Amino acid sequence: CVQNLPDLQSVRAASSATDSRFNEKYCLELVRSRDYDGFVSSLLLPEAARRSSLALRAFNVELAQVKDSVSQKTLGLMRMQFWKTTVEEIYRDEPPSQPIGNELWRAVRKHNLTKRWLLRVITERENDLDDRAYRNLQELEAYSENTQSSLIYLLLECLGVKDVHADHAASHIGKAQGIATCLRATPYHSGRRKVYLPMDVCMLHGASQEDFIRSSRQQNVRDVVYDIASQAHVHLQHARSFSTSVPAAACPAFLQTVVLEDYLQRVRRAHFDVFHPSLQARNPLLPLQLYLRSWKKTY
């Protein structure tokens with residue numbers, strides 16, 4: 001029995017390595033299929049941060065999917081509680097058996113990630129299960145800060161960056177990304193008779209939820225899109241105002257600005273018609289643009 005002990009340890013080690021590869025591949029495939037832009041951005045990170053970035057993005061995708069995948073709010077709350085419990089287990093150094101949870105545990109151990117950011121993403125997604133429009137632009141910005149910006153703070157930690165200017169830039173980029181994501185998702189949500197655009201902006205221009213559900217291309221609907229897109233652009237400009245102070249090591253965490261800028265330019269060319277067919281297609285040049293931006297080490 002004693003002689004067989006090394007063999008048993010070898011089997012366990014091999015099994016653990018197989019599980020680890022499966023978990024890594026699971027996260028990679030999930031991000032590639034559900035967040036392609038984030039997938040490409042992750043591949044362009046330094047190797048030491050790449051796997052952890054994919055784990056964080058898989059975690060984000062998993063939470064984002066809950067709202068659309070459950071028929072009752074109670075089921076969504078149960079899923080969110082599962083993830084809160086999983087995060088608590090991770091910080092007790094108890095590796096979860098779930099693939100994303102296990103990869104997150106690995107990332108937390110490697111980079112000493114801040115627990116607060118992970119829990120903030122879950123809590124904000126949980127609050128968003130109420131399935132209603134944002135009351136105003138500030139509410140959408142707060143949601144974006146708590147979800148998208150938190151994810152970028154975690155990416156900065158994966159890159160080993162602790163810098164106040166990088167944090168300021170991350171905050172604005174996250175807000176811009178959240179606002180743009182809300183716009184990008186409008187055709188999808190409208191097709192399901194749901195509208196989440198800020199009510200104060202819609203009321204300002206006399207645009208009703210029914211206008212969006214009917215995919216209206218009237219000027220007042222375009223004016224709503226213009227105002228919301230302009231706010232995303234303002235945050236992007238604010239983020240770039242810190243560029244001379246942000247360390248070059250932080251720039252890979254901000255690669256999503258390429259995707260954000262691309263969408264804002266395309267919606268402008270479509271004259272702020274959020275339902276224009278050109279906005280539904282993926283830009284085939286985006287991977288190249290992301291690569292060039294990562295090579296230049298700018299955002």
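Reply: Helices are DSSP runs of H or I with at least four residues, strands are runs of E with at least two, and both are numbered from the N terminus. Please keep in mind that this is a predicted model.

Me: How many helices and how many strands does the secondary structure of the protein have?
Reply: Read along the sequence, the pattern is α-α-α-α-α-α-α-α-α-α-α-α-α-α. The secondary structure therefore comes to 14 helices and 0 strands.

Me: What is the radius of gyration of the protein, and what does the globule rule give for 299 residues?
Reply: The C-alpha trace spans about 80 × 45 × 35 Å along its principal axes. For 299 residues the globule rule gives 19 Å, and the protein comes close to that value, so it is as compact as a globular protein of that length. The radius of gyration itself is 21 Å.

Me: What percentage of the contacts with a separation of 6 or more is made by residues 24 or more positions apart?
Reply: Contact here means heavy atoms within 4.5 Å. Among contacts in the protein with a separation of 6 or more, the share of residues 24 or more positions apart is 71%.

Me: What percentage of the residues is buried, and what part of the accessible surface belongs to carbon and sulfur atoms?
Reply: A residue counts as buried under 20% relative accessible area. Buried residues make up 49% of the 299 residues. The accessible surface comes to about 14900 Å², and the part belonging to carbon and sulfur atoms is 52%.

Me: How far apart are the mean positions of the positive and negative charges?
Reply: The protein has 39 positive and 33 negative charges. Their mean positions are separated by 3 Å.

Me: Which geometry does the aromatic pair of F59 and W83 have?
Reply: A search of the whole structure finds 8 aromatic pairs. In the pair of F59 and W83, the centres are 5.7 Å apart and the planes make an angle of 75°. Planes over 60 degrees apart count as edge-to-face, so the geometry of F59 and W83 is edge-to-face.

Me: Which parts does the pair of F59 and W83 tie together?
Reply: Both F59 and W83 are buried, and F59, F82 and W83 form one aromatic cluster. Because F59 and W83 lie in two helices, their pair ties together parts that are 24 residues apart in sequence. These parts are helix α3 (residues 47-69) for F59 and helix α4 (residues 73-91) for W83.

Me: What separates the C-alpha atoms of F275 and Y188?
Reply: F275 lies in the loop between α13 and α14 and counts as buried at 10% relative accessibility. Not counting residues up to four places away in sequence, F275 touches T186, P187, S190, F212, S215, S216, R217 and Q280. Although F275 and Y188 are 87 residues apart along the chain, their C-alpha atoms are separated by 9.6 Å.

Me: Is R293 buried or exposed?
Reply: R293 is placed in helix α14. Leaving aside neighbours within four places in sequence, its contacts include R240, L255, E261 and Y299. With a relative accessibility of 17%, R293 counts as buried.

Me: Is K296 buried or exposed?
Reply: K296 is also found in helix α14. Its relative accessible area is 55%, and the limit for exposed is over 50%. K296 is therefore exposed.

Technical notes:
Residues numbered from 1 in each chain as written. Predicted model: local features only at pLDDT ≥ 70, side-chain atom pairs only at ≥ 80, totals over all residues. Heavy atoms only, no water. Rg over C-alpha atoms; globule rule 2.2 N^0.38 Å. Buried < 20%, exposed > 50% of the residue type's maximum accessible area, 1.4 Å probe, protein only. Areas by Shrake-Rupley, 256 points an atom, 1.4 Å probe, with all protein chains shown as cover. Lys, Arg positive; Asp, Glu negative; His and termini not counted. Charge placed at Lys NZ, Arg CZ, Asp CG, Glu CD. Phe/Tyr/Trp six-rings, centres within 6.5 Å; stacked < 30°, edge-to-face > 60°.
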